[in-house]
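Here's a quick tour for anyone meeting this structure for the first time. Have a look at it, then read on.

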Amino acid sequence: MEPGTAFVCVRGERTDGHLFIPEALERGAVALVVAADASPMPAPPAGGAVAAVPDTRTAMARMAAAFYDHPSARLAVTGITGTNGKTTTALMLDAMLRAA
């Protein structure tokens, strides 16, 4: 973690990112993104901020998209689903798009 960055607390199966807030602050985090139901609610770092959100994973995805200027807005995305034939369909689609 770089000093001056944000730390997003993500809860997992084995641990909870909220447990690492003290270490993140020691390493120079200036912003914390925590679950709205975090208890106790952490105090903001000196000169920094705390954002309490309903879902830290969603917040992290939105932060990353904004930080990188929403790269998916410039991409064409095609989804291929089903039980059989996905690889064949993907290869055929790739060939068609390259040829076009």
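Before we start, one term: two parts are in contact when they have heavy atoms within 4.5 Å. Keep in mind that this is a predicted model. With that in hand, helix H2, made of residues 56–67, lies across E1, E2 and E3. Let's begin with those strands.

**The sheet**
- Three strands form an open sheet in the order E1-E2-E3, and the pairing is parallel.
- Strand E1 (6–8) and strand E3 (49–53) sit at the edges, each pairing on one side only.
- From one strand to the next, the twist averages 20 degrees.
- E1 pairs with strand E2 (residues 31–35) over 3 bridges, in the parallel sense.
- Val8 has Val33 in E2 as its bridge partner.

**Helix H2**
- H2 runs at about 140 degrees to E2.
- Its 12 residues take H2 16 Å from first C-alpha to last, close to the 16 Å expected at 1.5 Å a residue.
- Where H2 starts, a side-chain oxygen of Asp55 comes to within 3.0 Å of the backbone nitrogen of Arg57.
- After H2 comes Asp69, with a positive phi near 60 degrees.

- In soluble globular proteins, nonpolar side chains tend to be buried together.
- Here, the largest nonpolar core has 8 residues: Phe7, Cys9, Ile21, Ala24, Ala29, Leu32, Val34 and Ala38.
- Helix H1 (21–26) and E2 each supply at least two residues of this core.
- Setting aside neighbours within four places in sequence, Ile21 touches Phe7, Cys9, Leu32, Val34 and Pro42.

Key: Residues are numbered from 1 along each chain as its sequence is written. This is a predicted model: local features need pLDDT of at least 70, side-chain atom pairs count only at pLDDT 80 or more; totals for chains, interfaces and linings use all residues. Side-chain values use heavy atoms; hydrogens and water are left out. Two strands pair if DSSP finds at least two bridges between them. Helices (H or I, at least four residues) and strands (E, at least two) are DSSP runs, numbered from the N terminus. Axes are lines fitted to C-alpha atoms, for helices over the stretch in contact, and angles run from 0 to 180 degrees between N-to-C directions. A nonpolar core is a set of buried Ala, Val, Leu, Ile, Met, Phe, Trp, Tyr and Cys residues joined through side-chain atoms within 4.5 Å. Buried means under 20% relative accessible area, exposed over 50%, partly exposed in between (1.4 Å probe, protein chains only). The expected span of a helix is 1.5 Å times one less than its number of residues. A polar contact is a pair of N or O atoms within 3.5 Å; within protein, one must be able to donate a hydrogen and the other to accept it, and residues adjacent in sequence count only if both atoms are side-chain atoms.
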